[in-house]
Amino acid sequence: PRRFIDAFRRDVGLTPKQFCRVRRFQRALAQAHAEAAVDWAEVALSCGYYDQAHFIHDFRAFSGLTPTGYRTARTAFQ
């Protein structure tokens, strides 16, 4: 496993776990952008987060905002 992680990090720039976190967050953003009214708990569960708190933690880590704050700060170009 260590060799795979090292090779993945060398080729992709992230560990496999980090890569999966980023991809899951991207899926959540795409789902949130596709809906007029967002049920964040449903988005979290459908994207594979264990619970809403886990989702919010990742959301803040990647965007610097809470999901609701992100939605409020959104512009026509996002």
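Modeller: Happy to! Let's start with Arg 2, which forms a salt bridge with Asp 6; their closest N and O atoms are 3.5 Å apart. Please keep in mind that this is a predicted model. Both residues belong to helix α1, which covers residues 2-12, and they sit four residues apart, about one turn of the helix. Arg 2 has a relative accessible area of 52%, so it counts as exposed, while Asp 6, at 34%, is partly exposed.

In total, the structure has four salt bridges. Another of them joins Asp 11 to Arg 10, with 3.8 Å between the closest N and O atoms. Both of these residues are exposed.

Arg 21 forms a salt bridge with Asp 58, and here the closest N and O atoms are 2.7 Å apart. Arg 21 lies in helix α2 (residues 16-34) and Asp 58 in helix α4, so this pair ties together parts that are 37 residues apart in sequence. The two side chains also make a polar contact, at 2.7 Å. Arg 24 comes in as well: Arg 21, Arg 24 and Asp 58 are linked in a network of salt bridges.

How accessible are the partners? Asp 58, within helix α4 (residues 52-63), has a relative accessible area of 1%; that is under 20%, so Asp 58 is buried. Arg 21, at 24%, counts as partly exposed.

Looking beyond neighbours within four places in sequence, Asp 58 is in contact with Arg 21, Arg 24 and Tyr 49. That brings us to Tyr 49, which is found in the loop between α3 (40-46) and α4. Tyr 49 is buried too, with 3% relative accessibility. As for Phe 25, it is 24 residues from Tyr 49 along the chain, and their C-alpha atoms are separated by 9.5 Å.

Cys 20 is in none, as the nearest cysteine sulfur, that of Cys 47, is 13 Å away. A disulfide would need the two sulfurs within 2.5 Å, so this distance is too far for a bond. Cys 47 itself is buried, at 5% relative accessibility.

Methods. Residues are numbered from 1 along each chain as its sequence is written. This is a predicted model: local features need pLDDT of at least 70, side-chain atom pairs count only at pLDDT 80 or more; totals for chains, interfaces and linings use all residues. Side-chain values use heavy atoms; hydrogens and water are left out. Helices (H or I, at least four residues) and strands (E, at least two) are DSSP runs, numbered from the N terminus. Buried means under 20% relative accessible area, exposed over 50%, partly exposed in between (1.4 Å probe, protein chains only). A polar contact is a pair of N or O atoms within 3.5 Å; within protein, one must be able to donate a hydrogen and the other to accept it, and residues adjacent in sequence count only if both atoms are side-chain atoms. Contact means heavy atoms within 4.5 Å. A salt bridge is a side-chain nitrogen of Lys or Arg within 4 Å of a carboxyl oxygen of Asp or Glu.
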